[in-house]
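These are my notebook entries on one structure. I set down what I looked up, entry by entry.

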Amino acid sequence: MLILSNEDAERLLTMPDCIAALEDAYREQASEQAVNAARTDAVTLSGHPDTVYSLKLMGAVARSLGVGVVRLNSDIISFANQRQKKLPLAPGGRYTGLVLLFSASTGEPLAIFPDGVVQRMRVGATSALGAKYLARGDARTVAVIGAGWQAGGHVMAIAALRELEEIRCYSPTREKLESFCSGMSRHTGVKVRPAASAEEAVKGAGIVLCATNASRHVFSERWLEPGMFVCTIRGPELEPGVVRRADLVVVHDRTVHENVNTTRGVVLPVNRHAIEGFDVASAPSLPDLVAGNTPGRSSAQQKTCFVNLPGTGLQFAAVGAAFYRKARAAGLGRELPTEWFTEDVVP
């Protein structure tokens, strides 16, 4: 049984790896050869002011990969200032998120690793897949709203997907924004420049990627232009009129629903992942799109939108299996006796 680290993931995984692994997994899902388990969130008061404790679980099995996966998060979450923020309160100022990868042939555990780097890459790679099928083929200018961890993953993913002329980014904290753009320019080799406002960033952009932790709108309906592709990773990022005006809206997944159970006294933001008035059940999904079961963009003037929600266990199965294979090939990670994690008593 292999113990892997975020540093191992950064060393081994590339965005092209993740995009390819996810694309294959979505085809498997569309053909009913891969399936997600239910996602659940159990939430209680944390004992810290204005925060909650959340235990989140999701999983999946993928037949072609021969794996099952469980992803779990043990989080202290703040919703202050209209932003959802995880707090690093574990010893050493750290977070707790784990991925457990299992063999579908023997049931044994194959690997355990933290979810941080894999999480960032699977979200960015999924948004890039949305752009592959829904953005104009000649779109070379990208706008990114956000300058945090997920925004960085989106810059890396879209730069890996296609040749770009420019990426314009906006975040309200100027110093953080300038540092982010400078670092992403060096990392990707693409010109990434700061914009003075979100509206300036998105004006004339063929691809718009919203990647924030905001619980309020960051992209206005009036900014939507003919031919534009807009992606969100949090429902509140988009004004509801954006999806109403779009000619084609695709969601990440229709089968996994948020199942949140709370103890008495917990008050969570309303619609923290939903878009007001948008019916997810009636929209085509990314697996449908990748498998060719639903049409993608059909004209250069179409306004398209990808709602990269919800997160699913299958993403961790696909990227996690690729990570595990590369780690084995490279001889990385720390091996522990598998019998420490199995038992001779019928569970």
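I began with A160, which, neighbours within four places in sequence aside, is in contact (heavy atoms within 4.5 Å) with M15 and P16. The model is predicted, local features need pLDDT of at least 70, side-chain atom pairs count only at pLDDT 80 or more, and totals for chains, interfaces and linings use all residues. Residues are numbered from 1 along each chain as its sequence is written, and side-chain values use heavy atoms, with hydrogens and water left out.

I found A160 in helix α4; helices (H or I, at least four residues) and strands (E, at least two) are DSSP runs numbered from the N terminus. A160 has 36% relative accessibility and so counts as partly exposed, between buried (under 20%) and exposed (over 50%), with a 1.4 Å probe and protein chains only.

I then looked up the partner of α4. The axes of α4 (149-161) and α5 (174-188) come within 10 Å and cross at roughly 30°; axes are lines fitted to C-alpha atoms, for helices over the stretch in contact, and angles run from 0 to 180 degrees between N-to-C directions. The two helices are therefore roughly parallel, the term for angles under 35 degrees. I noted A151, G152, V155, M156 and A159 of α4 meeting F180, M184, H187 and T188 of α5.

Last, I turned to the sheet. Seven strands form an open, parallel sheet in the order β11-β10-β9-β12-β13-β16-β14; strands pair if DSSP finds at least two bridges between them. Four bridges join β13 (229-232) to β16 (304-307), and V230 stands opposite C305 in β16.

Methods: Angles under 35 degrees count as roughly parallel, over 145 as roughly antiparallel, 65 to 115 as roughly perpendicular and the rest as oblique.
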